[in-house]
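Okay, thanks everyone, I'll keep this short. Let me put the structure up and then walk you through a couple of its helices.

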Amino acid sequence: MPPPGHRSNRGNEKDMGDSKQTRGKRIATVLLSHTVLLLIVCIYAALGAYMFMNVEEARQNLATRNKEGATRVVKSSKKYIALDMYYNSQRNLTGTKFKQLARTNLQNFHAYIVKAATNLRYDGTDEPVNDWTFSNSLLFTFTTMAAIGYGNIAPESFKGQVYCIFYGIIGVPLLLVFLASIGDFLADTFRRIYSRGCCVVCRVTRKKSEVTKEGKKPKSVFKDVVGNESYMPTEEVFVPITVNVCVLAVYLMAGGVIFMYWEGWDFHEAAYFSFITLSTIGFGDYVPGRSFDVTSDSALVSALMLAGTLTYTLLGMALLSMCINLIQEQIVSKFKWLADELGMSEESEEEIRARQKYRKTEYEVITTPAGKDGNKHLQLQNVDDSKPMRRFRRIKDDNGLQFTDVTQ
């Protein structure tokens, strides 16, 4: 019969298998929830695009007829001015009167051109007004939900303006919920990755201090499961503000390179557009055009560019939300530390004991409590949990780094 406290390999394997299954279910649940939210956002944006296309169709047809009428007036005015100047050139007019007549005709023509371009959408071509294409409508619905609002197109009909109000009331919170959800997920993931990278030296040192038999190699630190142990709180690792700023800077530069080639802008203009878009400022002085022109000859390429632009914007806003969360955690932690140092906050007895128990000096390494290997869910075999923690002093000499047991 195995001694009390002994756990068989089969039991350990079963616990580890259950832990992996639980972790897999948790990951699947998280991914599924994010995927469902993303699908809801995409469907809502697409349905909104079709809705605004239908609502603004009548207004767009009226704008087309007004433009066609203005184009006909401009063409007939050109002919009238030419014939009038030819007729008056045959009369016995002085040079001063002829110049005055020509100036009057040109001024009237110029005034009508300005009026037609301002009010009747005249642009010198016979092409119909086609603002509310699916790509432009999708850009409008997405920027409305994201509260960016470029302002390049907007509903002009009464129906369209009313629909826009109710569409934004539902769409803005929906996208905010999605961004908050994906931002928290990215923050947790980035924090775990960062804790793995920045704590690897501490983990290696701890593993070496746990080796008691000569020739025995410590278990790889990369096999530890990151947990929330009180003696090694890896989930409490704060990502520095400089790291978050660098991540955002790299993402903005990547957007600058992408839109520089897609839109034909300069690099600083493309990076400026990326920042204005991701920060939801949306001045509207730079608006993606080529990447949303699915009516061009290369429609497939334009469609891929459209998807890439929306993906970059969504991911960038989620990344910005992640960095804001991480920066906020660090700022709150700094203020809490400052309040503790100034005696402005009340600390419980358990927090004081935990802080004093696990505080270490520059030359001491606190080892993992007996029965632990870096994860509270895993237990070592044949280990008595009642044994006290051991302390080792780290000493550098000619032979290298040595550890001396200083447990009292």
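So, let's begin with helix α2. Part of what covers its buried residues is α3, residues 95–119. Keep in mind that this is a predicted model. Which residues of α2 are buried? Going along the helix, we have Gln-60, Ala-63, Thr-64, Lys-67, Gly-69, Ala-70, Thr-71, Val-74, Ile-81, Asp-84, Met-85 and Asn-88.

Helix α2 runs over residues 57–89, and at 1.5 Å a residue its 33 residues should span 48 Å. The C-alpha atoms at its ends are 48 Å apart, so that agrees.

Okay, zooming out for a second. The chain has 10 helices and 3 strands, and from the N terminus the order is α-α-α-α-α-α-α-α-α-α-β-β-β. Of its 408 residues, 30% count as buried. If you take contacts between residues at least 6 apart in sequence, 66% of them join residues at least 24 apart.

Now the helix pair I wanted to show you, α7 (residues 241–263) and α8 (residues 267–278). Their axes come within 7 Å and cross at roughly 120°, and α7 and α8 are therefore oblique to each other. The crossing of these two is right-handed.

What does the contact of α7 with α8 have by class? There are 12 nonpolar residues, 3 polar and no charged ones. On the α7 side you'll find Tyr-251, Leu-252 and Met-253, among others, and the α8 residues they meet include Phe-267, Phe-273 and Phe-275.

That's it from me, happy to take questions.

How values were computed:
Residues numbered from 1 in each chain as written. Predicted model: local features only at pLDDT ≥ 70, side-chain atom pairs only at ≥ 80, totals over all residues. Heavy atoms only, no water. Helix = DSSP H or I, 4+ residues; strand = E, 2+ residues; numbered from the N terminus. Expected span 1.5 Å × (residues − 1). Buried < 20%, exposed > 50% of the residue type's maximum accessible area, 1.4 Å probe, protein only. Contact = heavy atoms within 4.5 Å. Axes fitted to C-alpha atoms, helices over the stretch in contact; angles between N-to-C directions. Parallel < 35°, antiparallel > 145°, perpendicular 65-115°, else oblique. Left-handed = near helix turned anticlockwise from the far one by under 90°. Nonpolar A, V, L, I, M, F, W, Y, C, P; charged D, E, K, R; others polar.
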